There are 2 protein chains.
Amino acid sequence: MSQSVDRALSILPLLAEGPADLGRVADRLGVHKSTALRLLRTLHEHGLVYRQPDQRYRLGARLFALAQEAVENLDVREIAHPHLVRLNEECGHTVHLAVYEEDEVLYIDKVESRYPVRMYSRIGRPVAITVAAVAKLLLADLPEDRRRALAERLDYPMYTARSTPDAATFLEELARVREQGWATDLGGHEESINCVGAPIRGADGRVVAAMSLSAPNVVVTADELLALLPLVRRTADAIGREYSGTTPADTPHD
Amino acid sequence: MSQSVDRALSILPLLAEGPADLGRVADRLGVHKSTALRLLRTLHEHGLVYRQPDQRYRLGARLFALAQEAVENLDVREIAHPHLVRLNEECGHTVHLAVYEEDEVLYIDKVESRYPVRMYSRIGRPVAITVAAVAKLLLADLPEDRRRALAERLDYPMYTARSTPDAATFLEELARVREQGWATDLGGHEESINCVGAPIRGADGRVVAAMSLSAPNVVVTADELLALLPLVRRTADAIGREYSGTTPADTPHD
DNA sequence: GATGCCGTTGCGTGTATCGCAATGGGCGTT
DNA sequence: AACGCCCATTGCGATACACGCAACGGCATC
């Protein structure tokens, strides 16, 4: 909608791939070098890009600070965190917290497993949306039409043989999840890893976040993990209650 | 330099304070609402801002992803991480890794203490630059003129009675740190917390990052912490060697 | 010492962006 | 239930602003 802003913002994902010099940025944007320079300078002034000693541009520091502040403003996260830690202490497995936003599901908190095996996931990274338990929980709560539309729009990468293969299967799965109020991912993302998850509901009953427990099957079998489901649901409900209690509709401070 | 981009980027820190509606954004920017709307829309398309159900704007998801990718591109971090974990396992205290960038020092990695006492610090957050051990190490390596100029420009908040009070004292401290090759923060940021840090040097001898060990004096005294200095320096040197070895000048993959 | 490359600058032109004023929709009020 | 208010949204015309060009300068290479 706004040309120069649009171009400037397009530079960010480009630099996310790695440092680039002025010429490269200008080429990728399809603009004159002087134009790219002006945009980069503006980004620089705001701290979003950084100029390396070798003159190439990188993503800058303020980006971290902004992302940090953004995540701190998510009040679900703040409320949920101690609950997640407690759950981790009780069962030892990796705990994830995720939210839905604009066709994406992303982890906003994580408590590492105490077992040496570490999972591949990162706070802030988009989730494998077609297979992750938390993704199913969050999407299952969308209104029917948006759910269907989104399902059609998605890709269905076969991470493993158990990954969700297509939109139809995915929608069936979402219906089941919606019905039963919990979700699993049994080796759909990584062959040897299972997850169970439960939704966190706000005062109006809408799902505001989702949490899950993940463990490799060398540590516990899928059945053993499923046995922890009541514990996960209790935790999720506790978070939901606290969230509804303290924030009836709006943030108290401000 | 570029008006519309400048305005658009000014929205981000504004939203970092908390969600805001269109009118508020327009007011704060000092522009007409229609202008603010166009800027917000562009930011929205790039995923940097998100529209809440209540129509107010928040910082968006892509911001996390960008910050994430940015930090992953910092190859010091990747190399250092296992070393930091090992150090933490050996002594149990909190380990920090920080870099200098554009008049700021920021933490880029952290391994939590195994003791229940948790420090207040966050990855991505700017460091208390006038007192932190890692800050002293990084600034001590700047060329004399820039060091002096920066010292003059800084504020010197008295977090505690032991905080660095002014530029002159700070410059003396930096000279000492530069000389001895390590740094401390003895209760300068929080009364009861001490740190020891060591520089991580690249192939050319320049300081590329700094690391530190932090512990509250209810756990170990300052002297006991100082006794760990050789261990910290060995770790820092090991990281420096590995960094210099694998990346002579550039990233191998790309 | 000469040549090429890349970042940088000043400037005129054209267009993308700005603010205005009017429309529309959602919500609380009387 | 109807009214009125507030806020987001749209179309439009004027102009400030961002664009690309071309020339400069510093740096490294041959």
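Guide: In chain A, 5 strands make up an open sheet whose order is β4-β3-β7-β6-β5, and the pairing is antiparallel. The model is a predicted one. The edges of this sheet are formed by β4 (104-111) and β5 (183-186) of chain A, each of which pairs on one side only. From one strand to the next, the twist averages 25°.

Within the sheet, one pairing may be followed in detail. Strand β6 (residues 193-201) of chain A runs antiparallel to strand β7 (residues 207-216) of chain A, and 9 bridges join the two. A:P199 has A:A210, in β7(A), as its bridge partner.

Two helices of chain A may be considered against this sheet. Helix α5 (residues 75-91) of chain A packs on the sheet and touches β3 (94-101), β4 and β7 of chain A. The direction of α5 makes about 55° with that of β4(A). Helix α6 (residues 133-140) of chain A lies across β3, β4, β5, β6 and β7 of chain A. Relative to β7(A), helix α6 runs at about 160°.

Helix α6 also takes part in a link to another helix. The side chains of A:K136 and A:E173 form a salt bridge, with an N to O distance of 3.1 Å. This pair connects distant parts of the chain, since A:K136 belongs to helix α6 of chain A and A:E173 to helix α8 (residues 167-180) of chain A, 37 residues apart. Over all chains, the whole structure contains 18 salt bridges.

The sheet of chain B can be described in like terms. An open sheet of 5 strands has the order β4-β3-β7-β6-β5 (chain B), again with antiparallel pairing. At its edges stand β4 (104-111) and β5 (183-186) of chain B; each has a single partner strand, so one side of each is left without a neighbour in the sheet. The twist from one strand to the next averages 25°. Strand β6 (residues 193-201) of chain B pairs with strand β7 (residues 207-216) of chain B over 9 bridges, in the antiparallel sense. In that pairing, B:I193 stands opposite B:P216 in β7(B). Helix α5 (residues 75-91) of chain B packs on the sheet, where it touches β3 (94-101), β4 and β7 of chain B, and its direction makes about 55° with that of β4(B).

There remains the contact between the chains. Chain A and chain B each bring 56 residues to it. Between them the two chains bury about 4900 Å², of which 57% is on carbon and sulfur atoms. The interface of chain A and chain B has 2 salt bridges. A salt bridge joins the side chains of A:E104 and B:R62, at 3.5 Å from N to O. Across the interface, 5 residue pairs are in polar contact. On the side of chain A that touches chain B, at least two residues come from each of α1 (3-16), α3 (33-45), β1 (49-51), β2 (57-59), α4 (62-73), α5, β3 and β4 of chain A. The largest share of that side, 12 residues, is supplied by α4(A). By class, the side of chain A that touches chain B comprises 25 nonpolar, 12 polar and 19 charged residues.

Terms used
Residues are numbered from 1 along each chain as its sequence is written. Chains are lettered from A and ligands numbered from 1 in the order in which they are written. This is a predicted model: local features need pLDDT of at least 70, side-chain atom pairs count only at pLDDT 80 or more; totals for chains, interfaces and linings use all residues. Side-chain values use heavy atoms; hydrogens and water are left out. Two strands pair if DSSP finds at least two bridges between them. Helices (H or I, at least four residues) and strands (E, at least two) are DSSP runs, numbered from the N terminus. Axes are lines fitted to C-alpha atoms, for helices over the stretch in contact, and angles run from 0 to 180 degrees between N-to-C directions. Contact means heavy atoms within 4.5 Å. Buried area is the accessible area (1.4 Å probe) that two parts lose on being put together, summed over both. A salt bridge is a side-chain nitrogen of Lys or Arg within 4 Å of a carboxyl oxygen of Asp or Glu. A polar contact is a pair of N or O atoms within 3.5 Å; within protein, one must be able to donate a hydrogen and the other to accept it, and residues adjacent in sequence count only if both atoms are side-chain atoms. Ala, Val, Leu, Ile, Met, Phe, Trp, Tyr, Cys and Pro count as nonpolar, Asp, Glu, Lys and Arg as charged, and the others, Gly among them, as polar.
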